[in-house]
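Hi everyone, thanks for making time. Have a look at the screen.

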Amino acid sequence: MQSVFIGFFTTLILFGASQAQTPPPISAYTDEDYITSVDISPNGERLAMLATTEDGRRLLLITNLGSEDRNAIAVPEDDTTVALDIGWVSDEFIAINFIGRRSMAYTGRGNIGATLIVSADGETSYTLPRFSSIVSILPADPDNILIQTTTVRDDRFTPRGRRGLEQGYSQTISLMRHNLRGNAQSVVDHGEADTFRFILNDES
């Protein structure tokens, strides 16, 4: 199964500072046919746009709203991998959500999602762990976000594990704190065997 994902995720991580380039004026992308996603940073100082040039290249355009400073970062796509949308996850990092059409063992072809984290200066980029999704940004803790990802729950040495679970293991969803700068995760909470997503309320 792992080989199914290698090309997809390798494509996403092989770009960064070397792809930064001087973008055309923002006015060149104001036609709605060329802009597919727009978001403003949490502090309101930067605008990010997912744009398509006339020759078909996809760019992440970042503009400082209070100045003329702009940056363009090439977005990796091919015939089977498409960038869907973007969103700021802090004042310095942006998430790009992709969908890729890939061959799947036993089921033919299917869509595989992935999220690429990119720094606004284009110097840092990496994909979130497989089968992960963003649950919430943390404005009061801008170096971290909350994500959920598929994990294996180990209940071998608990009463729950002695009540008939096969070998004491179960697949579940875990809530993780993801450090944007260090690309590292720590566990916040493990779901139960029937948990399929986490929803945070104002008291969480």
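Okay, so what is the chain built from? There's 1 helix and there are 12 strands. Keep in mind that this is a predicted model.

Now some totals. The chain has 204 residues, and 41% of them count as buried. Its accessible surface is about 11500 Å², with 49% of that belonging to carbon and sulfur atoms. And if you take the contacts between residues at least 6 apart in sequence, 44% of those link residues at least 24 apart.

Let's go inside. The largest nonpolar core has 15 residues, and the ones touching the most other members are L60, I62, V75, I86, I94 and I96. Where does this core come from? Five strands each give at least two residues to it: β2 (46–52), β3 (58–64), β5 (81–88), β6 (93–104) and β7 (108–119).

On to the serines. S174 sits in strand β11, which covers residues 169–179. Is S174 buried or exposed? Its relative accessible area is 0%, so S174 counts as buried. Which side chain does the S174 side chain meet in a polar contact? That would be H190, at 2.6 Å. Setting aside neighbours within four places in sequence, S174 also touches residues including I147, Q148, T149, D189 and F198.

The other one is S41, and you'll find S41 in the loop between β1 (35–40) and β2. S41 counts as buried because its relative accessibility is 4%, and the cut-off for buried is under 20%. Its side chain makes a polar contact of 2.7 Å with the side chain of N43, and it also reaches the backbone nitrogen of E45 at 3.3 Å. Leaving out residues up to four places away, S41 touches R46, W88 and D91. Here's one more to look for: S41 and G87 are 46 residues apart along the chain, and their C-alpha atoms are separated by 8.2 Å.

That's my tour, so over to you for questions.

Terms used. Residues are numbered from 1 along each chain as its sequence is written. This is a predicted model: local features need pLDDT of at least 70, side-chain atom pairs count only at pLDDT 80 or more; totals for chains, interfaces and linings use all residues. Side-chain values use heavy atoms; hydrogens and water are left out. Helices (H or I, at least four residues) and strands (E, at least two) are DSSP runs, numbered from the N terminus. Buried means under 20% relative accessible area, exposed over 50%, partly exposed in between (1.4 Å probe, protein chains only). Contact means heavy atoms within 4.5 Å. Accessible areas come from the Shrake-Rupley method with a 1.4 Å probe; for residues, only the protein chains shown count as cover. A nonpolar core is a set of buried Ala, Val, Leu, Ile, Met, Phe, Trp, Tyr and Cys residues joined through side-chain atoms within 4.5 Å. A polar contact is a pair of N or O atoms within 3.5 Å; within protein, one must be able to donate a hydrogen and the other to accept it, and residues adjacent in sequence count only if both atoms are side-chain atoms.
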